[in-house]
Amino acid sequence: MLDDMSAGKTTTTQTDGNLSIDVLVDDFIQVIKTVFPEPQKAPTLLLVGHSMGGSVVVRACPVFLDLKYRVAGVAVIDVVEGSALDALPHMNSLLNARPDGFDSPEEAIEWHVNTKALRNPKSARVSIPVIIKPSESDSPLVPKYIWRTPLRSTAPYWRSWFEGLSSKFLAARTARLLVLAGTDRLDKELMIGQMQGKFQLMVVPGVGHMLQEDDPTGTAKILIDFWRRNERLLAGVKKVGET
């Protein structure tokens with residue numbers, strides 16, 4: 001699963017800070033090709049991406065199919081092109097509202113829970129420590145822990161992450177699943193596609209944007225059911241979302 005906030009401990013050889021969608025997609029493809037170099041021997045893939053990660057897996061899907069990997073489906077979690085593009089003008093204000101860093105991982109966890117960026121304290125204790133890192137500054141004015149990814153520096157690429165997402169999702173040559181925190185997030189193109197039965201739509205109640213962390217059990221059940229439905233179909237039966 002690809003997530004827009006997942007940090008991991010990998011590094012890049014790039015020095016220009018290029019985080020355009022093409023670079024992100026190619027990085028993801030190269031990781032899968034490295035882990036599973038022989039498509040015929042690779043397991044069936046279920047591509048799952050949250051927020052910006054949804055854009056990456058949708059664009060990577062046709063490449064994997066062309067390379068002869070088996071793809072049971074592509075699942076996008078709480079990202080819709082229309083609402084994402086509408087939110088971009090407000091991103092700097094949102095970034096201004098968050099602290100420059102924290103004095104401890106516990107403080108970072110508490111801030112995310114108190115602001116309802118995450119609504120599940122157990123999930124926050126797992127996911128938040130990896131999105132911060134110790135500061136290398138000795139200045140008392142600099143927090144002991146700072147954000148691992150300087151999101152403001154990625155601003156030139158924000159629009160490229162989401163433009164064309166809805167059409168590419170609907171055109172994916174595999175089963176399609178959209179998991180949302182609310183139906184109001186659907187844009188016009190997806191509303192039409194949903195009425196035409198081009199993808200499976202699931203809405204998770206009582207969660208925020210980080211729905212897979214707010215309700216990990218419910219999200220896991222949705223994804224498992226989606227995988228089982230599309231991986232174990234009888235020959236000749238079309239997958240969900242296929243026309």
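This is a predicted model: local features need pLDDT of at least 70, side-chain atom pairs count only at pLDDT 80 or more; totals for chains, interfaces and linings use all residues.
Residues are numbered from 1 along each chain as its sequence is written, and side-chain values use heavy atoms, with hydrogens and water left out.

Back to Lys144. This lysine sits in the loop between β5 and β6. Which residues is Lys144 in contact with, leaving aside neighbours within four places in sequence? They are Phe102, Asp103, Lys133, Pro134 and Ser135, and contact means heavy atoms within 4.5 Å. Phe102 is 42 residues away along the chain from Lys144, yet their C-alpha atoms are separated by 6.2 Å.

Now the whole chain. We have 11 helices and eight strands, and 42% of the 243 residues count as buried. Among contacts with a separation of 6 or more, 71% are between residues 24 or more positions apart.

Next, helix α5, residues 105–114. Its buried residues are Ala108, Ile109 and His112. Why do these three lie on the same side of α5? Because they cover an arc of only 100 degrees around the axis, the arc being that of the directions from the helix axis to the C-beta atoms. As a reminder, an α-helix has 3.6 residues a turn, so residues three or four places apart point the same way. On the face turned away from that buried side, α5 carries the exposed residues Glu106 and Asn114. And what do the buried residues of α5 pack against? The partners are β4 (101–102), α6, β5 (132–134) and β6 (145–147).

Just after α5 comes Lys116, with a positive phi of about 65 degrees, although this residue is not a glycine. Lys116 is in the loop between α5 and α6 and counts as exposed, at 58% relative accessibility. Ser51 also has a positive phi without being a glycine, near 55 degrees. Is Ser51 buried or exposed? Ser51 counts as buried, at 8% relative accessibility, and its place is in the loop between β2 (45–50) and α2 (52–66).

Let's follow the chain into α6, residues 121–127, where we find Ser127. At 15% relative accessibility, Ser127 counts as buried. Not counting residues up to four places away in sequence, Ser127 touches Leu118 and Glu213. With Glu213 there is a side-chain to side-chain polar contact at 2.5 Å. By polar contact I mean a pair of N or O atoms within 3.5 Å; within protein, one must be able to donate a hydrogen and the other to accept it, and residues adjacent in sequence count only if both atoms are side-chain atoms.

On a 1 Å grid over the protein atoms alone, a cavity is a set of points where a 1.4 Å probe fits but cannot get out; a pocket is an open set with protein on both sides within 12 Å along at least five of seven lines; and lining residues have an atom within 4 Å of a point. Grid points are joined across faces, edges and corners, and a volume is the space filled by probe spheres set on the points.

How many cavities of 30 Å³ or more does the structure hold? One. The largest cavity holds about 40 Å³ of space. Its lining consists of Val76, Val79, Val80, Glu81, Leu165, Ser166, Phe169, Leu178 and Leu190. These divide into seven nonpolar, one polar and one charged, where Ala, Val, Leu, Ile, Met, Phe, Trp, Tyr, Cys and Pro count as nonpolar, Asp, Glu, Lys and Arg as charged, and the others, Gly among them, as polar. Helix α8 (residues 165–171) gives the largest share of that lining, three residues.

Ser166 lies in α8 and counts as buried, at 1% relative accessibility. Beyond four places in sequence, Ser166 touches Glu81, Asp187, Glu189 and Leu190.

Last stop: the second largest pocket, with about 200 Å³ of space. Thanks, everyone!

Technical notes. Helices (H or I, at least four residues) and strands (E, at least two) are DSSP runs, numbered from the N terminus. Buried means under 20% relative accessible area, exposed over 50%, partly exposed in between (1.4 Å probe, protein chains only).
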